[in-house]
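Trainee: I would like to learn how to read the features of a model like this one. Please take me through them in turn.

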Amino acid sequence: MYGRKVKLRFLFIASVFLSLILSAFLILKSLEENVVYFKSPSDIQFLEEIKNQKIRVGGMVKENSIKVLPEKINFIVTDYKNEIYVVYSGVLPNLFSEGKGVVAEGFLKDRNFFEATKILAKHDENYMPPEVKEALKEK
Amino acid sequence: MKFVFKLFEPNKIFLITSRAPKYVMALFIIVISIGLLEALIFSPEDYKQSHSVRIMYVHVPAAWISLGIFSSMTFLSLSGYIFKNKNFFLISKSLASSGLVFNIIALVTGSIWGKPTWGTWWAWDARITSMLILALFYFMYLIAWRIYENKDYIFKITTLITLFGIINVPIIKFSVDWWNTLHQPASINILSKTTIHSSMLFPLLIMTAAFALFSLLIFLMKYNTELIKIKNKGLDRL
């Protein structure tokens with residue numbers, strides 16, 4: 001068997017490791033609010049107060065909700081439970097489309113209305129050639 | 001266990017590390033040629049991202065390799081510390097630089113990929129930030145070797161750096177599941193369904209093999225240098 005020293009060194013490493021995991025867990029738990037990159041429309045509904053500071057809202061662009069007006073674009077971000085109405089004027093990323101993920105950065109006017117200053121597209125984990133997508137659609 | 005350590009004796013390994021690189025190099029050139037042909041020419045474009053999906057074939061393998069190398073370094077450093085085997089530390093040291101290079105490649109290609117898809121070069125989301133922290137740990141590790149190379153506490157310092165850094169590795173892996181991130185969730189899953197079409201998965205795996213071979217090549221050359229340093233000190237064993 002291994003000597004006493006080896007066992008002690010193992011115990012030392014194991015205890016350092018466990019306390020590191022525990023502290024990392026506690027730190028991340030308490031910072032959760034800041035670690036998330038965006039809030040979902042449901043999170044917005046549960047906000048205690050609406051502050052006039054920059055936040056990000058993310059979710060799916062609701063189907064048939066994009067309305068392009070001369071100076072701005074309107075659409076609805078949904079997480080399939082709650083929705084938020086977003087208005088934006090500026091350049092849209094190429095992947096922005098209905099039924100796809102989106103993250104809007106800007107200011108919350110009230111619980112249902114968001115004025116975006118920047119739009120980011122969030123794509124999902126699915127990768128396939130266009131032909132396969134067509135075949136899936138036909139099904 | 002004693003038998004395993006015998007296999008790691010420098011004199012025996014030196015023969016391998018001085019002869020193997022040219023074969024590994026040849027294999028690397030073959031595999032990366034196939035991988036790049038598949039990734040850049042033969043693989044289809046994505047239905048959503050069209051040709052920008054090709055960045056994935058560099059980005060994803062680079063990220064995997066950098067995570068894999070850091071995990072191996074931690075395992076080696078901890079074993080070296082517990083069983084007092086200096087050779088493990090030298091293997092770990094020789095692995096580190098290619099890990100850092102692939103980590104930086106993953107960050108840079110991610111940034112280049114982010115602009116056409118997300119619409120931004122950089123986002124402080126959990127996945128990207130934790131990956132940047134991993135790069136800092138690699139950097140710390142390599143700097144520590146530079147500064148304290150000849151001190152006898154170098155092994156303890158580098159072990160502690162890997163022990164702190166390894167906490168970050170599962171955070172990188174699960175960041176996309178635990179928190180809302182701009183980064184997509186994993187496409188390749190062992191337990192659940194893989195959401196990447198086989199025609200795109202194939203070049204991805206070949207590129208991973210190519211990058212792994214490249215790390216092996218750099219590792220062999222670095223490790224060979226370490227062994228030569230020991231020989232020059234006139235020590236026949238560690």
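Mentor: Ground rules come before features. This is a predicted model, in which local features need pLDDT of at least 70, side-chain atom pairs count only at pLDDT 80 or more, and totals for chains, interfaces and linings use all residues. Residues are numbered from 1 along each chain as its sequence is written, chains are lettered from A and ligands numbered from 1 in the order in which they are written, and side-chain values use heavy atoms, with hydrogens and water left out.

Trainee: How many residues of chain A are in contact with chain B?

Mentor: Contact means heavy atoms within 4.5 Å. Here 41 residues of chain A touch 44 residues of chain B.

Trainee: What area is buried between chain A and chain B?

Mentor: Buried area is the accessible area (1.4 Å probe) that two parts lose on being put together, summed over both. The value for chain A and chain B is about 3,800 Å², and carbon and sulfur atoms give 68% of that. In chain A, the residues that lose the most area to chain B are A:R9, A:Y37 and A:Y127, together 20% of what that side buries.

Trainee: Which elements of chain A give two or more residues to the side that touches chain B?

Mentor: Helices (H or I, at least four residues) and strands (E, at least two) are DSSP runs, numbered from the N terminus. On chain A they are helix 1 (4–30), helix 2 (32–35), strand 6 (113–122) and helix 4 (130–138). Helix 1 gives the most, with eleven residues.

Trainee: How many salt bridges does the rule find across the interface of chain A and chain B?

Mentor: Side chains of opposite charge can pair when their charged atoms come close. The rule asks for a side-chain nitrogen of Lys or Arg within 4 Å of a carboxyl oxygen of Asp or Glu. Across this interface it finds zero. Over all chains the count is nine. One pair is A:K62 with A:E83, at 2.8 Å, N to O. A:K62 is in the loop between strand 1 (55–61) and strand 2 (67–68) of chain A and A:E83 is in strand 4 (residues 83–88), so the pair ties together parts 21 residues apart in sequence.

Trainee: Which residues are closest to the centre of the largest pocket?

Mentor: On a 1 Å grid over the protein atoms alone, a pocket is an open set of points with protein on both sides within 12 Å along at least five of seven lines, a cavity is a set where a 1.4 Å probe fits but cannot get out, and lining residues have an atom within 4 Å of a point. Grid points are joined across faces, edges and corners, and a volume is the space filled by probe spheres set on the points. The largest pocket has a volume of about 890 Å³. Of its 38 lining residues, B:V60, B:W64, B:R127, B:H183 and B:A186 are closest to the centre. Helix 4 of chain B gives the most to the lining, with seven residues.

Trainee: Which residues line the largest cavity?

Mentor: Its volume is about 40 Å³. The lining includes A:L95, A:K100 and B:K48.

Trainee: Where does B:W121 lie?

Mentor: B:W121 is in the loop between helix 4 and helix 5 of chain B. Beyond its neighbours within four places in sequence, B:W121 is in contact with B:S111, B:I112 and B:K115.
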